[in-house]
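Subject: Structure handover

Hi,

Here is the structure I promised to pass on. My notes follow below it.

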Amino acid sequence: MNPQEVAMPVVGTSMPRKDALDKLRGVAKYIDDYSFSDILHIVTVRSQHAYGRLIKIDKSAAEKMPGVLGVITAEQVPGKNAVPLVFDDEPFLAEGYVRFHGEPVALVVAETLEQAQEAAGHVKVEIEPLKPVLGIREAIAPDAPRIYKDDNIFSRYNVCKGNAEEAMKKAVHIFEQEYETPYQEHAYLETNGVIAVPGLEDSMTVYGSMQCPFYVHDAVAAAAGIDRNKARVVQTTTGGGFGGKEDFPSVVAGQATIVAKLFNRPAKLIYKREEDIIASSKRHPGLIKMKVGTDERGKIVAALIDYYVDGGAYSTLTPIVLWRGTVHALGPYECEDIHVRSYGVATNKVPCGAYRGFGSPQVIFAGESMIDEIAVALKADPLEIRRLNGYKLGSKTATGQVLDQSCGLMETIDKARERSQWAAKWQAPADRKGNVRRGIGISSVYYGVGLGAGGKHLDRVGTSMTIMKDGSVHCAIGNVEMGQGARTVLAQIAADALGAPFDLVNVVETDTNMVPDSGPTVASRTTFMSGNSLMLAAAELRPRLLQVAADMLGASSTAEVELIDGQAFLIKDPKGKQIGFKELAAKLYAYRLMPSAFGWFIAPDSSYDKETGQGNAYFVYSYCTNIAEVEVDMETGEFKVIRITSAHDMGKAINPQQVEGQIEGGTLQGLGYATMEEIRHDANGRMLNNAFATYILPTTEDTPEIDPIIVEHPYDRGPYGAKGFGEVPLMGVAPAISNAIYNATGVRIRRLPIKPEKILGLED
Ligand code: MTE
Ligand code: MOS
């Protein structure tokens, strides 16, 4: 569909957020605000060891404490003791072994939270400690203890195009480096939490904070040992997810389900911040070994990349996260001869999962630092090196995919260059003088929207749309609102697709009873997938509304009438008689026409060859360029990020203000990743900083000036041309800052986070 040909009074406009007022007034209800009569409270007992044999759990003292109903351990799980994800290797409760510090071992169930907390201290867990494996290099060493199968590797991938080894021999310049990236904690404002409520005939309803109600649905059915038609999952207002509520709510919901099922009473499990940090998934630490060959001008001719991620104790989402990183390993640059090998490594630390960018910020830091190093060595402008190598319409990706439309990378570079005044500010580091030095750095990013060929079987979404008797429109969707603005953006798409006024459209929080399994709310897929699915439902309902309108306007066919923004009129007389949406809806019911429709959207095709990694990895890509400016005190190493220019091609900005909000939030998360966030462990693998007092996050104080730029290269399969971009604002911030630090100081940071100590050379 050509977006220019469709009426869109609402799409492309900064409509106010549907959920804003309740959240501002503090009346939005998060899961901890709910209660049920007879509710039980759960507190988790956790392993104090990173690795060990579980010898004995003595519950006797705890079970005698006031208000305690029981202490639940693995053998009491009514269904299957395995969280259903990719490999199903993680138990709801540890069985036989504990594999990370903080792993759930038992659930204390009591009448009040205080009683459960009190009793938890009296559960005696006897563990015979084993030597843990605590890092990537340690896990892949030939003599490493075997903690997962025979090689400590959960999964591996390969992307191989041409012959990188041969092409490398012909390169004029060869660059070889290693880069390392740390953990990142999501730090959503609302911690994990659910309430499980048992119902009649063995049914179970779970309410909670989550990103993926259908994954949780699988977990509830598995933990309770019931059919899916007896399990129901209702998402409650979710205070941020950022990928962290993709896999982990399945654990929490499964555990609450186990308790609710065993005691046949509602059960509430809400995490404290300390346990949320210690036990929930994080961004994978990464190790990237890169060798890149170029011609004399800096055009990339060969790339060899080995990418390792630290998956932690269970595989959870590691295979999926790793696949995305593998495909995107070189960044948005042409290269005919490339070989990427990637490994998801097992260690005795907290299982890692999705975090905004999904396995790509790690390789982006490496790739974008490498491109900068090439520019420096060849005395070239780092922006021009990106223009030389970057994707243009018709370019071929590392997986051999031809970019045949909607490729706005060059425009993001050009717009960012202009707005940041790059030409006036860029200067070789050697020319910078003085104690306080400014620097400017750039990064470019591309990002495959949706699940891609790796998760193709899950890439479909359902929608149910009903026009109510009063003209209001009810949309049930398969993706969730978690702060990113989905309910508003989707209401805008639904309104224009139907011809309804925005104010009458309500998109409700996800309920597994209302739509079939629509896959996860990840990979920036919501606008594209649910948007398309809403358009399909609207396309079914609209002809019925037009039929009613034609009748009411005395037209002989529906082709003679138009319905835009809640007003129906004759095309030949647009200023004449108007029929409002409410009136149309009332007549729709009077005519007894079906007021509901169902949308089911299947992602455009993608492909992937397991041997070579070649194929159309994703149906479309979004693009971004970041330019960062920093100021460094050369004496103390202290620095400040002053300004970030962030230009994005997302196809179409359905709601420009929401897009800008995403850019601002994502940029700040990227700044945290670049400059301060890290998780530390002691020599025995115990996590040392599981509190906001010790896990340092950026605040408004650290916020630079952020300059968002919207670039629109519409995608013909997207709703009104939109692609998807929720994750992209975070992804390239770290290398842009690191490159700016180099530009100011001449010091190259190859291991995040950037710290004054590293700038002064006191730490690597
Ligand atoms: N923005 C807010 N405010 N809260 C969030 O939890 N999650 C991010 C991003 N932006 C998130 C957010 C992540 S990880 C993803 S995948 C996308 O939003 C998902 O939303 P979308 O599919 O609507 O882009
Ligand atoms: Mo986002 S990391 O794909 O939930």
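Where does Tyr720 lie? Tyr720 sits in the loop between strand 26 (705–711) and helix 18 (728–731). Bear in mind that this is a predicted model.

**Backbone**

Most residues other than glycine have a negative phi, and most peptide bonds are trans. Tyr720 is not a glycine, yet its phi is positive, at about 55 degrees. Its relative accessible area is 3%, so Tyr720 is buried. Ser524 also has a positive phi, about 50 degrees, without being a glycine. Look for Ser524 in the loop between strand 19 (505–508) and helix 15 (526–553). Ser524 has 14% relative accessibility and therefore counts as buried. From Leu752 to Pro753 the bond is cis, with omega near -5 degrees. Pro753 belongs to the loop between helix 19 (733–745) and helix 20 (756–759).

Helix 11 spans 382–389. At its start, a side-chain oxygen of Asp381 comes to within 2.8 Å of the backbone nitrogen of Leu383. Which residues of helix 11 are buried? They are Pro382, Leu383, Ile385, Arg386 and Asn389. Viewed down the axis of helix 11, these buried residues fall within an arc of 160 degrees, so they line one face of the helix.

A network of salt bridges links Arg386 with Glu368, Asp372, Glu373, Arg748 and Arg750.

Arg387 forms a salt bridge with Asp414, at 2.4 Å from N to O. This pair links distant parts of the chain: Arg387 is in helix 11, Asp414 in helix 12, 27 residues apart. Arg387 is partly exposed, at 25% relative accessible area. Asp414 is partly exposed too, at 27%.

Thr397 is in the loop between helix 11 and helix 12 (409–420). With 2% relative accessibility, Thr397 counts as buried. Leaving out residues up to four places away in sequence, Thr397 touches Lys161, Tyr391, Leu403 and Tyr446.

**Helix 3**

Helix 3 covers residues 113–120, and Ala116, Ala119 and Ala120 are buried in it. Why do they share a side of helix 3? They cover an arc of only 105 degrees around the axis, which puts them on the same side. The cover over the buried residues of helix 3 includes strand 1 (40–46), helix 2 (60–63), strand 3 and strand 5 (104–110).

**Other salt bridges**

The count comes to 50 salt bridges. Here are two further pairs.

- Glu562 and Arg542 meet through their side chains, 2.8 Å from N to O. They link distant parts of the chain: Glu562 is in strand 20 (residues 561–564), Arg542 in helix 15, 20 residues apart. Glu562 is partly exposed, at 23% relative accessibility. Arg542 counts as buried, at 17%.
- Lys23 pairs with Asp19, and their closest N and O atoms are 2.8 Å apart. Lys23 counts as partly exposed, at 30% relative accessibility. Asp19 counts as buried, at 7%.

**Surface**

Val86, Phe87 and Ile320 make up a nonpolar patch on the surface. Together they have about 210 Å² of accessible area. Phe87 is in the loop between strand 3 (68–72) and strand 4 (97–98). Its relative accessible area is 38%, so Phe87 is partly exposed.

Best wishes

Methods:
Residues are numbered from 1 along each chain as its sequence is written. Chains are lettered from A and ligands numbered from 1 in the order in which they are written. This is a predicted model: local features need pLDDT of at least 70, side-chain atom pairs count only at pLDDT 80 or more; totals for chains, interfaces and linings use all residues. Side-chain values use heavy atoms; hydrogens and water are left out. Helices (H or I, at least four residues) and strands (E, at least two) are DSSP runs, numbered from the N terminus. Buried means under 20% relative accessible area, exposed over 50%, partly exposed in between (1.4 Å probe, protein chains only). Contact means heavy atoms within 4.5 Å. The arc is that of the directions from the helix axis to the C-beta atoms. A polar contact is a pair of N or O atoms within 3.5 Å; within protein, one must be able to donate a hydrogen and the other to accept it, and residues adjacent in sequence count only if both atoms are side-chain atoms. Patches are made of residues with over 30% relative accessible area and no salt bridge: like charges are joined within 9 Å, nonpolar side chains (Val, Leu, Ile, Met, Phe, Trp, Tyr) within 5 Å. Accessible areas come from the Shrake-Rupley method with a 1.4 Å probe; for residues, only the protein chains shown count as cover. A salt bridge is a side-chain nitrogen of Lys or Arg within 4 Å of a carboxyl oxygen of Asp or Glu.
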